[in-house]
Amino acid sequence: MTLHRDMRYPTPRELGLAARALADEHPGEVRLRQAGTSRAGQPLWVLSVAATGGAPGGADRNVLVVAGAHANEPVGGATALSLARRVLVDPAPRAGCGWHFLLCADPDGADLHRTPHPYSLLDYHRNFFRPPGPEQPEWAPSLLPPDRLPPETLALMALIDELRPVLQASLHATDLGGSWVQLTRDVPGLAEPFGTSAAELRIPVENGASDAAGWPSPGPGIFVIPQPGSEAAGAFHPEDTRLSTWYHAHRYAGTTAIVEVPMWASDLVDDPTPHPDPRGALQMLAERLTADAALVAAVRSGNEVRPGPQAYEDPAAAPLLRAVDWTLALIPRIAAEWRAGAPAEASAAYIASIDAFGRRLSLRAAAMLLRVLRAQGHPAAPGLDRLVTWWCEDFAARFGARWVPVATQVEHQSRIVLAAYDRLVAADRA
């Protein structure tokens, strides 16, 4: 798989084939192995590039790159392959360090979210899928007891136990917005190469990411997850980030960097100027979110949509409906938090990030429900289709969305992972 301006997102199968070809080309330095099996029986492939002068698996330290943890964020697999090729030819990152790439942490989800090369937000949402929190490999430990963890999560945790990575890089993406990095520990000096890369590639920096509200920020777009007991606000989710697999590396003194890159860029999330009325804006966004969710819930609860447990008996519809119901159940809590208040001072970027977050919640629920209705030939499908189309067009227009080529997304993520490792090594030597 070559990187070019018109490249598309690879499927899990394509990732496996490309990784196998790379391992066959470099048998002494590259190894492809299966780290586990998904719920549906798909292999979880790990591609390893040996430390300089060593064999795969034997190194003083290791880096673990995790791709595909969220089904609707497909760029990670392409980035993982690009990074593997890059460190293969560059001896500096491999000096005493092995590099390991989990090519797709959720291949079942990736198969359900079919977006090889979306041409618009509407195209992206036509076959949208994002599983509920308990079914997401990284988030599951924060929502489920240990005896109910999915096999993908268990495989990822076992991989961390085996490699004891000094750095775990989790590759994520946002549909529309900017780039930012979340860190489980500060990585001194990362803000400079991050900002330089974003500027060179014309990718906005998400200065007020809603996922990191109130978190310490050592530089624009860099956020450090607060320590336990902190009163800082976090993402509007029921998960406790500190129980996720991101923190599993801490038992081995490792650090996790979550690298976000946008599919469509918007300069609104890069605006540091103060918002004139953040509290009023959040009140308005809460009301809109509630109203939008009610439109989707009304269709979901219609008698002919077959609500309730019996709907989950359809193997094609079940994962989509579980995700719809999870999202709709999440929205009232989010709206309540927004109504409860906002910081007296907030940037325009922060309000824009909250605006985008609210829009995508209702849109995702509607898009996944529409897939079920279409498959059923349901009479409500055309009306919901018009709503999804309108929301996509309005979202793109409001934020001035511009497509970020897949190769550019890959380049930015690759640079940030390498910079994070370089800064961590430098800090250890200091």
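Tutor: Gladly! Let us begin with strands β8 and β9 (residues 402–403): they run antiparallel, and 2 bridges join them. Keep in mind that this is a predicted model.

Student: What makes β8 and β9 a pair with 2 bridges?

Tutor: Two strands pair if there are at least two bridges between them. β8 and β9 have 2, so they meet the cut-off of at least two. In this pair, Trp264 stands opposite Trp403 in β9.

Student: Which other strands does β8 pair with, and in which sense, parallel or antiparallel?

Tutor: With β5 the sense is parallel, over 10 bridges, and Thr174 stands opposite Pro262 in β8. Strand β6 (residues 180–183) runs antiparallel to β8, and 4 bridges join them. There, Trp180 faces Glu260, while Val181 stands opposite Val259.

Student: How do you know that β8 is mostly covered?

Tutor: Count its buried residues: 11 of the 11 in β8 are buried. Buried here means a relative accessible area under 20%.

Student: What makes both faces of β6 count as covered?

Tutor: On one side Trp180 and Gln182 are buried, and on the other Val181 and Leu183 are buried too. β6 also pairs with β7 in the parallel sense, over 3 bridges, where Leu183 has Val224 as its bridge partner.

Student: Let us turn to helices. Why are α8 and α9 called roughly antiparallel?

Tutor: Helix α8 (residues 318–340) and helix α9 (residues 348–376) pack at an angle of about 155 degrees, with their axes 9 Å apart. Angles over 145 degrees count as roughly antiparallel, and therefore α8 and α9 are given that name. The contact residues divide into 15 nonpolar, 3 polar and 1 charged. Among those of α8 are Leu328, Ile331 and Trp338, and those of α9 include Phe357, Met368 and Arg371. As for handedness, α8 passes α9 in a left-handed crossing.

Student: And why is α7 called roughly parallel to α9?

Tutor: Helix α7 (residues 278–300) packs against α9 at an angle of about 0 degrees, with the axes 10 Å apart. Under 35 degrees counts as roughly parallel, so α7 is roughly parallel to α9. The contact involves, among others, Leu285, Leu289 and Val296 of α7 and Ile351, Leu361 and Leu373 of α9. Its residues divide into 15 nonpolar, 2 polar and 5 charged.

Student: How do you know whether Ala335 is buried or exposed?

Tutor: Ala335 is found in helix α8. Its relative accessible area is 1%, and the cut-off for buried is under 20%, so Ala335 is buried. Leaving aside neighbours within four places in sequence, Ala335 is in contact with Ala286, Leu289 and Thr290.

Student: What makes Arg164 and Ala253 exposed?

Tutor: Exposed means over 50% relative accessible area. Arg164 has 52% and Ala253 has 61%, so both are exposed. Arg164 is placed in the loop between α5 (151–163) and β5 (167–177), and Ala253 in the loop between β7 (222–224) and β8 (255–265).

Student: What is the phi of each of these two residues?

Tutor: Arg164 has a positive phi of about 45 degrees although it is not a glycine. For Ala253, not a glycine either, phi is positive at about 65 degrees.

Conventions
Residues numbered from 1 in each chain as written. Predicted model: local features only at pLDDT ≥ 70, side-chain atom pairs only at ≥ 80, totals over all residues. Heavy atoms only, no water. Buried < 20%, exposed > 50% of the residue type's maximum accessible area, 1.4 Å probe, protein only. Axes fitted to C-alpha atoms, helices over the stretch in contact; angles between N-to-C directions. Parallel < 35°, antiparallel > 145°, perpendicular 65-115°, else oblique. Left-handed = near helix turned anticlockwise from the far one by under 90°. Contact = heavy atoms within 4.5 Å. Nonpolar A, V, L, I, M, F, W, Y, C, P; charged D, E, K, R; others polar.
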